[in-house]
Amino acid sequence: MKGYDPQTIEPKWQRRWAAEKSDRASVDLSRPKYYVLEMFPYPSGKLHMGHMRVYSIGDVLARFLRMRGYNVIHPMGWDAFGLPAENAAISNRVSPDEWTEKSVEQMKRQQQRLGVSYDWDKEINTSSPDYYRWTQWFFLLMYERGLAYRKRAAVNWCPHCRTVLANEQVEAGLCWRCESEVEHREREQWFFRITDYAERLLNDLSTLEDWPERVQVMQQNWIGRSEGTEISFQIKDFPEESLPVFTTRADTLFGVTYMVLAPEHPLLPRLVAGTKREKEVMEFAARIRRESEIERTSEDSPKVGLFTGRYALNPLSGEAVPILVGNYVIMTYGTGAVMGVPAHDERDYLFARSHNLPVKAVIRPPAAEAGEEGDSFELPYTGEGLMINSGEFNGLGSTEGAAAITKKLQEQGCGRFKITYRLRDWLISRQRYWGAPIPVIYCDRCGTVPVPESDLPVLLPPAADLSGDRVPPLSHYESFVHTTCPICGGEARRETDTMDTFICSSWYFLRYTSPQLQDFPFDREAADYWMPVDQYIGGIEHAVLHLLYARFFTKVLYDASLVRVEEPFSRLLAQGMVYKDGAKMSKSKGNVVSPDEIVERYGADTGRLFILFAAPPEKDLDWNDQGVEGCHRFLKRVWRLVEEWEKEPRGGERGAGVLGAAEIELQRALHGTIKKVTVDIEERFNFNTAISAVMELVNAIYDYRRGIAGEKQDRVLMEEVFKTLTVLLAPFAPHLAEEAWQALGCRGSVHKQPWPDYDPAALAVEEVEIVIQVNGKVRGRMTVPAGAGEEMIMERACEQQRIAELLEGKSVLRRIVVPDKLINIVIR
């Protein structure tokens, strides 16, 4: 043995683990199961520190739970479809599938160098026909259940990239990728009816007790449930038309002084057609439509509008109010129209003041005097109160008034109680090559025809066109487009959109349970055994869409009697970001540290140990080179102990079977560490404090060996300490632990050993040191029997010469005792 050499140790054990397939999992009803899952990565070709962190967290848990007797499944795969692969294909002039394959090979090699205990027999790749065949099957399931439909919808369209952009991909009206001006187009698009599940998705968040509160709040806000009233305003001079709006404050209806339409509202062209305002209004609307919804609705964005020349009629007061078109109203949220109540809404108030619109108070604050006029208190007033200036409803409270107005509107046929959601149906169509083709055929005779299950998968064209500056979508490939109708056999054409990649990640956790199955997406018995995922680990950036879509998929499968669980993930950990020099690691900032660099210089165990020790997993981590060096030195200290022990004779007797004081102290440190590490991993996920406890144990071992001559050391206790230390370190530094276990002369793998239990008796202490305070200031210390009562502690304290002097001639007002810790004597 020649010192700690991770470059030799780590490849050795990685080869052995791979050959033995030591982490392979299968159904075993005799043991409790545990499903540990990190969010699978997009195969970019290179791991970054964020990857290393999440994989290290998951691996500690997986290794620990196996040693605790659980049957653990810990799989890995690749979220491989998507636009980045197309961009890389053009840049490197290789097909997306070839680029993806090479990237997967490289990243898998990096993961294996980290020593992560994945069951590679369960590896999946979403771009493989064996996988996306079943992604297409799920589309057909949605279609059969009435949850997949096609309609024309306004989309953000980049004419250069020739694809639909998400709202988040439009920046200042330009494509985030090529900076071309984004157009708004109407296209036939496929949607999933996730809104049918809005109530369940919201209500079932209450069952996810082990999810972070902030993630639950983010999902609640995204679903956005609101109870209120839908009110129809007639349009002056357009008796056949009405303008529905939704409000949660029907009690403010008499305070409406204007209406605002979204620039995409279908009524807008009709309202201004042939008028002198038509050109100005439509140009204004077109300009606003080029902005993203995020920009338009941002709090910092100025709220602008333009009068259309038309008026709406208040259904109860009959008052005519102007109709404007504005930038802050979104067609995809609500009805695409809002009623302006500037006296009782801050946004409406600012808009009204900047556009010279009237402000009419209709709610009086409860604190205002009964005789006070409505316009004499400070506006806007956004709280509840008593209704004023509201006709027959004057004097009613806001809640009572809202209900009364809703009832009145319903009686008149111009309103109703309604529950709405911010959540929109899931637009799944993408105009790309590298994605799962939507399995639909269009026939002039038979209409829209789903591809028969027996004809799946609908394969991508085998050779992507790389001649231009982008990979063209499927509509470019004539051999793909033209097909025959499965019903009539006549000429037909295929759907040329591919599916949103979030669909691939909405069910992958089920495929892991039986990835080689050929005749179904997953083995139902295996899925029933392994699901739900017991611990899911990933970034906060996926808190809404991915998690929401996966929950939606699982509920659909539950309703179809395909799974037994309604929620896919029991417990969720959203790990923090990795920073360096106060900024998130990025190439542009020049502060990137690659996992390969750390592995080559220090070894994977050092990198793992630092990234787990530097911060709790849910907190952001600031990379520190000195901290890495410190973790490396610690592992070298552990290895030095192993080397020294390896040279010493084995066995030995414990004199008369009695432990000395030093041995009792070391044994107490050992069992205290077992308890601390167990609780910190199992209950708290405080890996940093668990590692700290192991470090303290190593210090205690060194202290004991320095204080007791070699031949006088308790060999039986030392052997127990060394073996237990190795087991405790195994989840964090698996390679070193495996090598140390072998060096200690132990059989088998350290990772197959049972996790140690602590002995409460070993933690007991006979005597404890008590701090003595007088009026809150430390005045002395003393040793008393552990568990001593208040009277004994007070008596012993008064026997101390200095304390007796301080108490002489004084009155003891009270005494405060913290058992086994301190006594504070309050005197006057």
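Which helix gives the most to the lining of the largest cavity? Helix H2 (residues 49-67) does, with three residues. Helices here are DSSP runs of H or I with at least four residues, strands are E runs of at least two, and both are numbered from the N terminus.

The model is predicted: local features need pLDDT of at least 70, side-chain atom pairs count only at pLDDT 80 or more, and totals for chains, interfaces and linings use all residues. Residues are numbered from 1 along each chain as its sequence is written, and side-chain values use heavy atoms, with hydrogens and water left out.

Start with the domains. The assignment gives domain 1 (28-123 + 509-584), domain 2 (136-193 + 425-501), domain 3 (226-420), domain 4 (624-763) and domain 5 (767-827). Such bounds come from an automatic or database domain assignment. Taken over C-alpha atoms, the centres of domain 2 and domain 5 are 79 Å apart.

Now return to the cavity. A cavity is a set of points, on a 1 Å grid over the protein atoms alone, where a 1.4 Å probe fits but cannot get out; lining residues have an atom within 4 Å of a point. Points are joined across faces, edges and corners, and the volume is the space filled by probe spheres set on them. One cavity of 30 Å³ or more is counted. The largest cavity holds about 90 Å³. Its lining consists of Trp17, Ser22, Asp23, Arg63, Arg66, Met67, Glu738, Ser749, His751 and Lys752. Domain 1 and domain 4 each supply at least three of the lining residues. By class, the lining has five charged residues, three polar and two nonpolar. Asp, Glu, Lys and Arg count as charged; Ala, Val, Leu, Ile, Met, Phe, Trp, Tyr, Cys and Pro as nonpolar; the others, Gly among them, as polar.

Next, a helix pair. Helix H20 (residues 625-647) packs with helix H22 (residues 687-707) at about 40 degrees, with the axes 11 Å apart. H20 is therefore oblique to H22. Axes are lines fitted to C-alpha atoms over the stretch in contact, and angles run from 0 to 180 degrees between N-to-C directions. Under 35 degrees counts as roughly parallel, over 145 as roughly antiparallel, 65 to 115 as roughly perpendicular, and the rest as oblique.

Last, the backbone. Most peptide bonds are trans, and most residues other than glycine have a negative phi. Leucine 456 and proline 457 are joined by a cis bond, with omega about 5 degrees. Proline 457 sits in the loop between strand E22 (447-450) and helix H13 (478-481). Arginine 93 has a positive phi, near 55 degrees.

Conventions
On a 1 Å grid over the protein atoms alone, a cavity is a set of points where a 1.4 Å probe fits but cannot get out, and a pocket is an open set with protein on both sides within 12 Å along at least five of seven lines; lining residues have an atom within 4 Å of a point.
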